[in-house]
Amino acid sequence: QTTRGKILFQGKPLTGPSREIALVLQEYGLFPWKTVLQNVSLGFKIRGEKISKSIITDYLKQLGIEEKVLLYPQQLSGGQRQRVALARAMILQPRLLLLDEPFAALDTLTRERLQDLFVSAYQNHRFASIIATHNIQEAVMLGKRIAIMCGSPGTIYKIIDNPSALSLDYRGTDEFYNKAREVRQVLEDQP
């Protein structure tokens, strides 16, 4: 078990939270007593900064949930909750977005729609991201570099370059299916 090491972010040791890094969790991380508007603006409230409602509405519109602004998380579907979690992270305009199994709890069609919304947001805002996923198609759709991990503790077994990722027209191509087959083969071949 690794108990020591350091993480560098932009060439400097990362020793605590950073305003330039945002996180999206599999279980959304939304506060049930706060509305969509309050959940999305939470990062700015914590920072002691103000953000206009129009900017929030713009992000929610990009994610297709602008009409849900006054609802509470329990009034939303799983896909809508995940969009709120994405909006809350992306509105902070992080340089790095960390996502832990962000679409795992969703059905296939909702997952693909949210992946497409993520790609559109990436194209509009150009942030770096690290996504942990067990889904091969998701890794191929969203990962420019796919790191295959194995063992316990986890180690990187192989890195696969995937230059066509983060493109809305990638999913239906032969290149996409070939890359998914390549990733699957590496997974099957690992020790």
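Arginine 126 sits in the loop between α5 (108-125) and β5; helices (H or I, at least four residues) and strands (E, at least two) are DSSP runs, numbered from the N terminus. The model is a predicted one, in which local features need pLDDT of at least 70, side-chain atom pairs count only at pLDDT 80 or more, and totals for chains, interfaces and linings use all residues. Residues are numbered from 1 along each chain as its sequence is written, and side-chain values use heavy atoms, with hydrogens and water left out.

Most residues other than glycine have a negative phi. Arginine 126 has a positive phi, near 45 degrees. Its relative accessibility is 56%, so arginine 126 counts as exposed (over 50%; buried is under 20%, partly exposed in between, with a 1.4 Å probe and protein chains only). Tyrosine 28 also has a positive phi, near 75 degrees. This tyrosine belongs to the loop between β3 and α1 (36-40). With a relative accessible area of 14%, tyrosine 28 is buried.

The next features are the pockets. On a 1 Å grid over the protein atoms alone, a pocket is an open set of points where a 1.4 Å probe fits, with protein on both sides within 12 Å along at least five of seven lines; lining residues have an atom within 4 Å of a point. The largest pocket has a volume of about 790 Å³, the space filled by probe spheres set on the points, which are joined across faces, edges and corners. Its lining has 26 residues, and Ile131, Ala132, Thr133, Ile146 and Ala147 lie nearest the centre. At least two lining residues come from each of β5 (128-132), α6 (136-142), β6 (145-150) and α7 (174-189). Sorted by class, this lining holds 17 nonpolar, five polar and four charged residues.

The second largest pocket contains about 510 Å³ of space. Among its 20 lining residues, Ile21, Ala22, Leu23, Gly43 and Leu92 lie nearest the centre. Two or more residues of this lining are given by each of β3 (21-24), α2 (42-47) and α4 (78-90). The classes here are 14 nonpolar, three polar and three charged residues. Ala, Val, Leu, Ile, Met, Phe, Trp, Tyr, Cys and Pro count as nonpolar, Asp, Glu, Lys and Arg as charged, and the others, Gly among them, as polar.

Met149, Ile156 and Ile159 make a nonpolar surface patch of about 290 Å². Patch residues have over 30% relative accessible area and no salt bridge, with nonpolar side chains (Val, Leu, Ile, Met, Phe, Trp, Tyr) joined within 5 Å and like charges within 9 Å. A salt bridge is a side-chain nitrogen of Lys or Arg within 4 Å of a carboxyl oxygen of Asp or Glu; accessible areas come from the Shrake-Rupley method with a 1.4 Å probe, and for residues only the protein chains shown count as cover.
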